[in-house]
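Me: Got a structure here that I'd like to go through with you. Can we start with the charged pairs and work inward?

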Amino acid sequence: MNKRSNSTIRVAATIFACLLAGTAFAHDFKAGKLELRHPWSALAPPVAPVLGGYVTIVNTGQESDRLVGGTTNIAERLEIHESSLVEGVAKMRPAKQGLEIAPGATLALQPGGTHIMLVKPIKRPVEGEKFKATLLFEKAGAVEVEFVVQRPKRESGEDHSGHQDP
């Protein structure tokens with residue numbers, strides 16, 4: 001084979017590998033009229049008492065639904081947390097009533113904002129690894145999803161190192 005053919009094959013292989021890598025992280029789930037787009041978790045330090053979970057939920061239906069909780073086998077419990085800014089201080093607390101997803105609305109659970117909190121991790125997945133969780137919705141019911149552990153796309157400022165378990 002000549003150098004030009006080898007070069008072309010290498011370029012094609014590189015492009016193919018990049019496409020595969022992109023699709024490995026793109027994964028979506030559906031439950032009725034809810035679309036759950038790309039559930040992910042950031043790699044956590046070995047001593048962190050919690051892990052954060054993030055997902056974008058789109059309600060394509062005509063009725064509201066509500067994310068009320070969930071479970072996973074990698075942490076003692078899964079909670080839904082709201083974040084707010086009160087007098088310039090960021091506060092985080094469990095969303096005891098869950099989170100509403102209005103008809104036609106998109107709810108983005110993301111670092112530094114509203115998110116899923118995995119309390120007292122039993123296992124700490126490494127970057128690229130996936131783990132299962134079941135998210136519980138008021139109307140759609142239990143939806144099994146898979147979170148992928150990855151680096152955040154940008155600096156979030158979210159720091160759970162000082163989080164105290166209730």
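Me: Which side chain meets Arg 37 in a salt bridge?
Reply: Glu 35 does, with an N to O distance of 2.7 Å. Bear in mind that this is a predicted model.

Me: How many salt bridges in the whole structure?
Reply: A search of the whole structure gives 11. Among them is the pair Glu 129 and Lys 123, at 2.4 Å from N to O. Glu 129 is partly exposed with 24% relative accessible area, and Lys 123 is partly exposed with 39%.

Me: What does Glu 63 pair with?
Reply: Lys 139, in a salt bridge of 3.5 Å, N to O.

Me: Which residues are linked in a network of salt bridges?
Reply: Glu 76, Arg 77, Glu 79 and Lys 120.

Me: Switching topic. How many helices and strands?
Reply: The protein has 1 helix and 11 strands.

Me: How do β1 and β2 run, parallel or antiparallel?
Reply: Antiparallel, with 4 bridges joining residues 28-31 of β1 to residues 34-42 of β2. Phe 29 has Leu 36 as its bridge partner in β2. The hairpin has 2 residues between the strands, and Gly 32 takes a positive phi near 60 degrees there.

Me: Take Leu 135. What is it in contact with, sequence neighbours aside?
Reply: Leaving out neighbours within four places, its contacts include Leu 36, Leu 67, Leu 78, Ile 116, Val 143 and Val 145. Gly 69, Gly 70, Gly 141 and Ala 142 are also in contact with Leu 135.

Me: And Phe 131, buried or exposed?
Reply: Buried, at 4% relative accessible area. Phe 131 lies in β10, residues 130-137. Beyond four places in sequence, its contacts include Thr 72, Ile 74, Leu 118, Pro 125 and Phe 147. Phe 131 and Trp 40 are 91 residues apart in sequence but 9.3 Å apart in space, C-alpha to C-alpha.

Me: What about Gln 150? Where is it found?
Reply: In strand β11, residues 141-150. Gln 150 counts as buried because its relative accessibility is 6%. Its side chain makes a polar contact of 2.8 Å with the side chain of His 38.

Me: Last one. How much of the protein counts as buried?
Reply: 34% of the 166 residues. The accessible surface is about 10,000 Å², and 55% of that belongs to carbon and sulfur atoms. Of the contacts between residues at least 6 apart in sequence, 66% join residues at least 24 apart.

Definitions and conventions: Residues are numbered from 1 along each chain as its sequence is written. This is a predicted model: local features need pLDDT of at least 70, side-chain atom pairs count only at pLDDT 80 or more; totals for chains, interfaces and linings use all residues. Side-chain values use heavy atoms; hydrogens and water are left out. Two strands pair if DSSP finds at least two bridges between them. Buried means under 20% relative accessible area, exposed over 50%, partly exposed in between (1.4 Å probe, protein chains only). Contact means heavy atoms within 4.5 Å. Accessible areas come from the Shrake-Rupley method with a 1.4 Å probe; for residues, only the protein chains shown count as cover. A polar contact is a pair of N or O atoms within 3.5 Å; within protein, one must be able to donate a hydrogen and the other to accept it, and residues adjacent in sequence count only if both atoms are side-chain atoms. A salt bridge is a side-chain nitrogen of Lys or Arg within 4 Å of a carboxyl oxygen of Asp or Glu.
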